[in-house]
Amino acid sequence: MKEILSMDNVSYSYRVGDEESKRAVDGVSFTLHDGEWIAIVGHNGSGKSTLAKLMIGLLFPDEGDVNIFIEKLTEDNLWEKRSQMGIVFQNPDNQFVGSTVQDDVAFALENNGVPFEEMLHRVYDSLAQVNMSDFLDHEPHHLSGGQKQRVAIAGALALHPRLLIMDEATSMLDPQGRDEVIRVVENLRCKKGLTVISITHDLEEALLANRIIVMNKGQVLAVGTPKEIFLRGVELKTIGLNLPFALRVSGLLRKFGMELEGEHMTEEELVNELWTSHFSK
């Protein structure tokens with residue numbers, strides 16, 4: 001598998017004047033491969049957002065290297081590397097610059113000098129991928145939260161990125177909007193082989209990832225599959241993270257004497273066992 005992004009013993013401290021504060025990121029190392037989805041989770045102040053800024057070159061590490069597409073990220077190659085990344089932030093309103101949906105999706109393409117006919121194709125194609133083709137001439141600020149974030153994703157996809165980075169991209173959405181965005185990203189990863197990093201506090205979202213990186217006090221606390229990570233429930237709770245809903249309900253049912261087999265990562269798994277083992281007889 002091709003290496004898409006890696007961090008090699010990366011550390012970063014914010015500074016106020018001449019004073020160095022406590023390290024926001026401390027000795028972080030991991031590797032992301034082509035077609036993989038990694039979720040980075042942690043409590044507020046754990047270093048997640050600083051990692052995102054380091055990945056896209058808004059910050060450069062005090063120590064260690066950030067490597068994008070097997071090359072160290074530097075000020076000299078920053079814009080060339082960014083042109084291969086799609087970036088979706090927490091608040092889609094902060095990303096909108098066009099008066100209509102199609103103008104907004106086309107903005108970065110125009111800046112990159114994409115020919116007009118190619119630009120039209122990319123705008124229509126990317127909006128179709130996120131089920132927003134019917135909103136071409138709508139004003140972005142009239143859309144719902146989930147629709148706005150889908151347009152932001154379309155703008156990122158129009159660049160034909162090798163890597164999509166979502167920094168708390170669902171945190172301001174209602175449950176329906178969140179589900180819309182996550183379904184779109186999961187479908188794109190499966191159909192297009194898109195490589196994804198989602199930086200999130202939402203552990204339900206993290207369930208969809210191939211691997212989860214748990215951050216605590218600027219360091220990597222754990223790396224593993226969703227099941228490997230969430231089986232460390234007590235440890236997660238001590239650093240301020242809650243378990244996914246299905247695991248919490250499973251624990252409560254066992255506490256009150258119900259026998260359940262295995263661990264249930266999703267509501268569907270839990271409902272299936274409850275139905276087959278307890279209610280269908």
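How do the residues of the lining of the second largest pocket divide into nonpolar, polar and charged? They divide into three nonpolar, two polar and seven charged. The model described here is predicted.

## Second largest pocket

The second largest pocket holds about 320 Å³ of space. Its lining consists of Arg178, Asp179, Ile182, Arg183, Glu186, Asn187, Glu204, Leu207, Leu208, Thr266, Glu267 and Glu268.

Two helices, H6 and H11 (267-279), each supply at least two residues of this lining. H6 gives the most, with six residues.

## Packing of H5 and H6

H6 also packs against another helix. Packed helices in general are described by the angle between their axes and the distance between those axes. Here, H5 (residues 145-157) and H6 (residues 175-192) pack at an angle of about 25°, and their axes are 8 Å apart. Angles under 35 degrees count as roughly parallel, so H5 and H6 are roughly parallel to each other. Their crossing is right-handed.

On the H5 side, the contact is made by Gly146, Gln147, Gln149, Arg150, Ile153 and Leu157; on the H6 side, by Gly177, Glu180, Val181, Val184, Val185 and Leu188. By class, the residues of this contact are six nonpolar, four polar and two charged.

## Largest pocket

The volume of the largest pocket is about 700 Å³. Its lining has 23 residues, and those nearest the pocket centre are Ile87, Gln95, Phe107, Ala108 and Leu159. The elements giving two or more residues to this lining are helix H2 (78-82), strand E6 (85-88), helix H3 (101-111) and H5.

H3 gives the most to the lining of the largest pocket, with five residues. Sorted by class, that lining has 14 nonpolar, seven polar and two charged residues.

## Cavity

How many cavities of 30 Å³ or more does a search of the whole structure find? The search finds one. The largest cavity has a volume of about 40 Å³.

The residues lining the largest cavity are Val214, Leu221, Ala222, Ile229, Arg232, Glu235 and Leu236. Strand E10 (219-224) and helix H9 (233-238) each supply at least two residues of this lining. Five of the lining residues are nonpolar, none is polar and two are charged.

Terms used: Residues are numbered from 1 along each chain as its sequence is written. This is a predicted model: local features need pLDDT of at least 70, side-chain atom pairs count only at pLDDT 80 or more; totals for chains, interfaces and linings use all residues. Side-chain values use heavy atoms; hydrogens and water are left out. Axes are lines fitted to C-alpha atoms, for helices over the stretch in contact, and angles run from 0 to 180 degrees between N-to-C directions. Helices (H or I, at least four residues) and strands (E, at least two) are DSSP runs, numbered from the N terminus. Angles under 35 degrees count as roughly parallel, over 145 as roughly antiparallel, 65 to 115 as roughly perpendicular and the rest as oblique. A crossing is left-handed if the near helix is turned anticlockwise from the far one by less than a right angle, and right-handed if clockwise. Contact means heavy atoms within 4.5 Å. Ala, Val, Leu, Ile, Met, Phe, Trp, Tyr, Cys and Pro count as nonpolar, Asp, Glu, Lys and Arg as charged, and the others, Gly among them, as polar. On a 1 Å grid over the protein atoms alone, a cavity is a set of points where a 1.4 Å probe fits but cannot get out, and a pocket is an open set with protein on both sides within 12 Å along at least five of seven lines; lining residues have an atom within 4 Å of a point. Grid points are joined across faces, edges and corners, and a volume is the space filled by probe spheres set on the points.
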